[in-house]
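Let's take a friendly walk through a protein model, looking at its pocket and its rings.

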Amino acid sequence: MEKETFQNIWNLNVLADRTGNPLYLWKALDEWFVLNEARISADLPRLEMPQWCLDYLAIQARRLRDLAEGLDYRATPEPFGELPRDWESVERARHRKRTLSPLQATKQVLQALGFRRNGWNAFERVRKLEQQDEDTLSIEGFTTIAEMSEDESIHALLDDYMEKAASSGCDNAEITDSRSIRKRLAASRNARRVMPKPP
């Protein structure tokens, strides 16, 4: 069970890295907390937090601290802000003044945590990848259980989408032909490409 949880945590790290979506890091942290609760209940020592989780939390803590102090975190060097990592940026960050009201700071929190960028929403992206993963599982089911070719499986899935759209009266503008299904499958597979396992 513990080995499987470690693999889940590593897979979530891969997803965070591949998609740029920090929600997968939070899911990994949740798995780590649950694992440690189980270890403590079994009188086993607590496991150290993975370094990549510590690195992520250090960045988020600094950004939130800046916002709490009325400072714009974006006017600091990367990875804490958006400025290049050079001496000029460090000096600029040191001389920041309090410019944000509590309301303005609150409005920046989703961006500071990486949950929202211009035209991008971390929660929407997680949901979209889950739907793409469901398409991948459907194709795998068609090819293994029904022994269809991949092309036949894609057409079967497309027919299924078209039937659902006709019965519900709602079109899914994103899924219109076999090419759109192939793009969804590629997105799902790319996000989960195998990476070396952790040491």
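Which residues lie nearest the centre of the largest pocket? They are Gly20, Gln60, Arg63, Gly114 and Arg117, and 22 residues line this pocket. Before going on, note that this is a predicted model, in which local features need pLDDT of at least 70 and side-chain atom pairs count only at pLDDT 80 or more, while totals for chains, interfaces and linings use all residues. Residues are numbered from 1 along each chain as its sequence is written, and side-chain values use heavy atoms, without hydrogens and water.

A pocket here is an open set of points on a 1 Å grid over the protein atoms alone, where a 1.4 Å probe fits, with protein on both sides within 12 Å along at least five of seven lines; lining residues have an atom within 4 Å of a point. The largest pocket has a volume of about 530 Å³, meaning the space filled by probe spheres set on the points. Helix α3 gives the largest share of its lining, 5 residues.

Now for the rings. Trp26 and Tyr56 form an edge-to-face aromatic pair, 5.8 Å centre to centre with 80° between the planes (ring centres within 6.5 Å, planes over 60 degrees apart). Trp26 is partly exposed, at 34% relative accessible area, whereas Tyr56 is buried, at 10% (buried is under 20%, exposed over 50%, partly exposed in between, with a 1.4 Å probe and protein chains only).

Two charges sit over rings, with CZ of Arg within 6 Å of the ring centre and within 35 degrees of the ring normal:

| Charge | Ring | Distance to ring centre |
|---|---|---|
| Arg62 | Phe80 | 4.4 Å |
| Arg117 | Trp120 | 3.7 Å |

Conventions:
Phe/Tyr/Trp six-rings, centres within 6.5 Å; stacked < 30°, edge-to-face > 60°. Helix = DSSP H or I, 4+ residues; strand = E, 2+ residues; numbered from the N terminus.
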